[in-house]
Amino acid sequence: MTADPRQAAAHAPPLGPDGLRLEDGPARRFLAACWVWGLASMALAALASWSLVHPELADGRPALGFGRLRPLAELLLLLGFLGNGFFALVHHSAQRLCCAPMAAAPLGWLHLWGWQLALIWAAWTVAGGAMEPRLLSPAEAPVDLTLAGLWTLFGVQLLVTLTRRRQRYMYASLWFYLAATLLFGGLQLAAALASLPHPLLGSPPFAGAADAALQWWYVRNGAGALVVLGLFGVAYDLAPRIAAAPLHSYRMGIVHLWSLLLIQLWVAPRHLHLTPAPGWLSALALAFAFLVWVPSASGVFNLAATLRDGRRDAGVHEPARPFLVAALFFFALAAIEDPVLALRRVSAAAGSTDWVEGHQELLLLGWGAFVVFAGSYWVAPRLFHAPLHSPGLARAHFWLATVGVLTSAAALRFSGAAQAGVLGALSPEGHLLHPEFTEAVTRVEGQRLLHVVGLGL
């Protein structure tokens, strides 16, 4: 019996520019892993928020306590959901922008399966209580070193692919991919080495203010390299394709990249207000926190103008378009809020409240997740050679996700404002009216329930 030519075409390697055979196998698996880890991380985040309302769930079951669920959910959201989504979209995008297949195909497969195994290892150790007290990087040093090594494999493959490109000039997305890869890989390695005991002293090489500075450097510039630089590279690739129009301003895109790199690097110490960190470092970070708004605004404007400049009929019914528009909106909100939170008085009032958590979720879920959603809806039909199963479900997903992010953001800001009022309340004599921190937790149970609803959506 003769095979169906349509089935044979579906399983054949895709043809790129000039008839090149492209390797999309790793991209398909990375995309599938992205959604699996995304569902797991959101379920854990909702359970972590629920555990604050009902802490008795952790009685006799420490793995269900907030202290383990929250770091685990953040780790899997950052490296499992957003990380795998970034890898999938880069594997699809880089080959087509370079007019060349990904170099060293075995490295792609090794990176794919090694990354999933490392995430399982990290989840197992963090859930078991073996973790470091570090935001967005709770896994112990051996796990972090493994992740850094696997990221290096990806970086090598991307660099070799760029050297073999058939296009003379590198498009803006490729510059963003390269910057994100180098910056995240280096800071992931630095964070892992900082956790290793010193061979002579028997303790980690950094402590106190130096260790706090390194931690925030990783959060702002390591995780920020993946969430901001890497996903902006994805957005620069998606926007012209969805709009069926060229990028509004290529020059603005390159200026956006370099100004973001030069300014963003110095914003991290703004989290160290009212600590033993040097005062000049805090003041410098405050100044750069306001300056970083300029490249952020230029990037949002460039992509929004690209979508506006496209043909009126282009992408009207494309499910990726509303996700990308919403992502730009959420990023603009986070960019406006960030310098306000950098003010010393605001930081002192809101630094220990849910408001900071809401700001972080706005970046991870509002911006990062929506870019991955947009990329998934654009790439999946082209990777799997099949039409989207249901455009109606995609529209329902968009509205549910938008309402969920807005609900979660509002709940955390309401609870943050309430907590700031409780923690800062003073008697006429200048004494704290609520010296117990638990007062700031029990007063916001209603907002916590609303946060769980938002995460569930």
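Leaving aside residues up to four places away in sequence, Y236 touches Y171, S173, F176, L247, G253, H256, G299, N302 and L303. This tyrosine is part of helix α7, and Y236 counts as buried because its relative accessibility is 0%. Its C-alpha lies 40 Å from that of G446, a residue 210 places away in sequence.

Across the chain, pLDDT averages 86, and 91% of the residues score at least 70. Helix α4, spanning residues 105–127, has the highest confidence in the chain at 95, whereas helix α1, at residues 5–11, has the lowest with a mean of 37. Over residues 1–13 the pLDDT stays under 50, and the model has five contacts beyond four places in sequence for this stretch. Where pLDDT is low, the predicted coordinates should not be read in detail.

Helix α4 also holds H111. With a relative accessible area of 0%, which is under the 20% cut-off, H111 is buried. Beyond its neighbours up to four places away in sequence, H111 touches F30, F87, L150 and F154.

In soluble globular proteins, nonpolar side chains tend to be buried together.

Some nonpolar residues are found on the surface instead. L47, W50, L64 and L449 form a nonpolar patch there, and together they have about 290 Å² of accessible area. Of these, W50 lies in helix α2, which covers residues 25–53. W50 counts as partly exposed because its relative accessibility is 34%.

Charged side chains complete the picture. Side chains of opposite charge can pair when their charged atoms come close, and the structure holds nine salt bridges. One of them joins the side chains of E74 and R70, at 3.3 Å from N to O. E74 and R70 are four residues apart in helix α3, so about one helical turn separates them. Both E74 and R70 are buried.

D338 takes part in salt bridges with R220 and with R270. In the bridge between D338 and R220, the N to O distance is 3.1 Å. That pair links distant parts of the chain, since D338 belongs to helix α11 (residues 320–342) and R220 to helix α7 (residues 208–243), 118 residues apart. Both D338 and R220 are buried. In the bridge between D338 and R270, the closest N and O atoms are 2.6 Å apart. Because D338 lies in helix α11 and R270 in the loop between α8 (250–264) and α9 (279–291), this pair ties together parts that are 68 residues apart in sequence. Like D338, R270 is buried. Elsewhere, salt bridges with shared partners join R70, E74, E357 and E361 into one network.

Conventions: Residues numbered from 1 in each chain as written. Predicted model: local features only at pLDDT ≥ 70, side-chain atom pairs only at ≥ 80, totals over all residues. Heavy atoms only, no water. Patch = residues over 30% accessible without salt bridge, like charges linked within 9 Å, V, L, I, M, F, W, Y side chains within 5 Å. Areas by Shrake-Rupley, 256 points an atom, 1.4 Å probe, with all protein chains shown as cover. Salt bridge = Lys/Arg side-chain N within 4 Å of Asp/Glu carboxyl O. Helix = DSSP H or I, 4+ residues; strand = E, 2+ residues; numbered from the N terminus. Buried < 20%, exposed > 50% of the residue type's maximum accessible area, 1.4 Å probe, protein only. pLDDT = per-residue confidence, 0-100. Contact = heavy atoms within 4.5 Å.
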